[in-house]
Amino acid sequence: MWLAALLNPPLKAWQRATGTGGMAAFFLAPNMAIFGVFVLIPLVMNFFYSMTSGSAYFLADRTFVGLEQYGRLLDCGNYLDPGTCREDLFWKAAQNTAIFVFFQVSLMTLTAMITALILNRKIAGRGFWRAVFFFPVLLSPVVVGLIWRWILQRQGLLNYVLYTFGADTHDWLTERLPAFTAAVSVSVWAHMGFFTLILLAGLQAIPRDLYEAAEMDGTKPARVFWRITLPLLMPNLLVVIVLSLIRAVQIFDEVYVLTGGGPGTSTMYLTQYIYEVGFASLLRNPGLAAAASIMMGLVLVVLTLVQLGLGRRNEQKGARE
Amino acid sequence: MSAVSKFLFRRRGGNGWHWTDIVTWVWLIGGLIIMFGPALWLVFSSFKSPAQLAEFPPTILPYVSQQAEVEGYDKPLNLYDVTLPDGSTRVLAEVRRIGIVAQMVDPADPGEIIKVNIAERTPVREIGFATENYVTPLESNDFLLYLRNSVFVTLMATLITLITNSMAAFALSKYKFRGRDAVLMLIVGTLMVPLSVLLVPLYSVVSAVGLYNSLWGVILPTVATPTGVFLLRQYMLTIPDELLDAARMDNASEWQIYWRIVLPLAAPALAVLAIFSVVWRWNDFLWPLVVLSSKEVYTLQVGLNTYAGELNVQWHYILAMTVVTMIPVVLVFVFLQRFITSGIAGSGLK
């Protein structure tokens, strides 16, 4: 507070000199400076990077190669078979990401939907139950990854439970299908609570009298769900699907900690590819990483535009109501 | 008792259980186990000794072998329940083991060595917490350093986020100037660019300004968050302009208006952003992983991952450190969860 008071006299002088217009510039300046240096400039630089080659990090030390990096990424015999591509790892990661996104978003939407419907019922301690499903959202991805690595490892809890019931035990994270299933389930576990809340807010905004009217007409619950709940929840549901798509495309942290991308490359996703090609591998290639990130960015921009469009439509609908 | 069960099992309509009631409770109880269980399992496990962690099947509670001081031996010896050839059982202390034969003594009569097949004995155990899992990394390892780095990053980033974002939001909500909508569009537009897309150029910008391998290199790129500016601006739009005009009549400067009137009135929105910023920055992983290269500046998340990534995974330390890493977030959860959940549901934030 004293610091703010101390700043007042010089700022008052500034205000007298430049008027309120100058003050607007002053208030914007700190944020815009940081924003400019650490978001806008990198954003523009990324395009230049994607058109250079070499392993140097400074743009000045790099050679301009035009669209060669994109050509390299797109050089593919058959796009559905990563083995035929020049950058097979990129296509493997892209394919993995697509499969991951499909299963993760489906499972996430389904479980979040069921949970939201259940939390919307008249149950005792609703606040508590809501908190239960929200809890993992706050955990860090590293903690999430480590918790589940600990549970899924050879001497872990899951194997113990299976062993108790006499089922076969496995080294879950070193086998392809189980590792993929774990990546999907763990990321659903970690993020589902967030989407449940959005759906729950949507459910609670549906007018009660619609349900009362349906009850008076003796409508069956299933019909009420398909004819009232689902259509009215659709805007929220779409937002949930698109938002979870955006997040799933960028998946990295929790899966990286959980499986490290393995076994082999079976749980290696695009962000990890960019990280490894750009920084972690010995044959690093920042230009290639930048080109790959722009290709991923394009997908994300399209998805975000869809989401913003949906949001705007909802707002307009809300304004009309 | 019946009141409690009535409360707990309140259900739709009159008597009898509707199938949806069963689904509801199965889902809720299952959710409770699946959502909290793994974290609890981690906490229990973090108190186990390395030997016990390697055990299968695992036990829920941590146990330690009971030991006894035996005359004539320097170290305390582990105690075992032993079934002797004549069928009787005794508690013996193990002196040493050769192959499948253990040489044991009776603690009360240490003179005589008794040879026992190791299949004939089970360790005597009691519940005990291996607190050294926590103490050792905190004392000798870099863990305290990581903790300090993480706290520094989180507090600084949150502070700067609140100051710069609120100033920008104030300008964007309370002034009309040319290019305001353009600035707003620019900020909202970058909502769609995740950091993972900017890794390479951001890395080179951060190195160019000399912040590579420094905590400020972790802090600065994250503080101009579009989400924060947007959230605060929407909130400040609801503060009536008349209030500001009245202050101007009283000869208040624009700066005074900002920190004396607008900031206090925007406190609820600032609080929401502060909580989010703390959780985000505390949990950050990918960016610190890229920008930090030496151990002295690692944050907790990066430090933890390197421990877990090493070939010889020392689970007893990792588990304990993971629990410590969880503490601030669990505190936020316990005290502020209501606040956060309504904030998310209202704004679609994060």
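Two strands count as paired if DSSP finds at least two bridges between them. Helices (H or I, at least four residues) and strands (E, at least two) are DSSP runs, numbered from the N terminus. This is a predicted model, in which local features need pLDDT of at least 70, side-chain atom pairs count only at pLDDT 80 or more, and totals for chains, interfaces and linings use all residues. Residues are numbered from 1 along each chain as its sequence is written, chains are lettered from A and ligands numbered from 1 in the order in which they are written, and side-chain values use heavy atoms, with hydrogens and water left out.

I start with strand β3 of chain B, residues 77–83. Which strand pairs with β3(B) over 5 bridges? That is β4(B), residues 89–98, and the sense is antiparallel. Within this pair, Leu79(B) has Ala93(B) as its bridge partner.

Now the helical parts. An unreviewed UniProt entry lists transmembrane regions in chain B, among them residues 21–44 and 215–236. UniProt positions are given in the numbering used here, feature names are shortened, and annotations may be inferred rather than shown by experiment. Residues 21–44 of chain B are 100% helix and 0% strand, with the end C-alpha atoms 33 Å apart. For residues 215–236 of chain B, the values are 91% helix, 0% strand and 32 Å.
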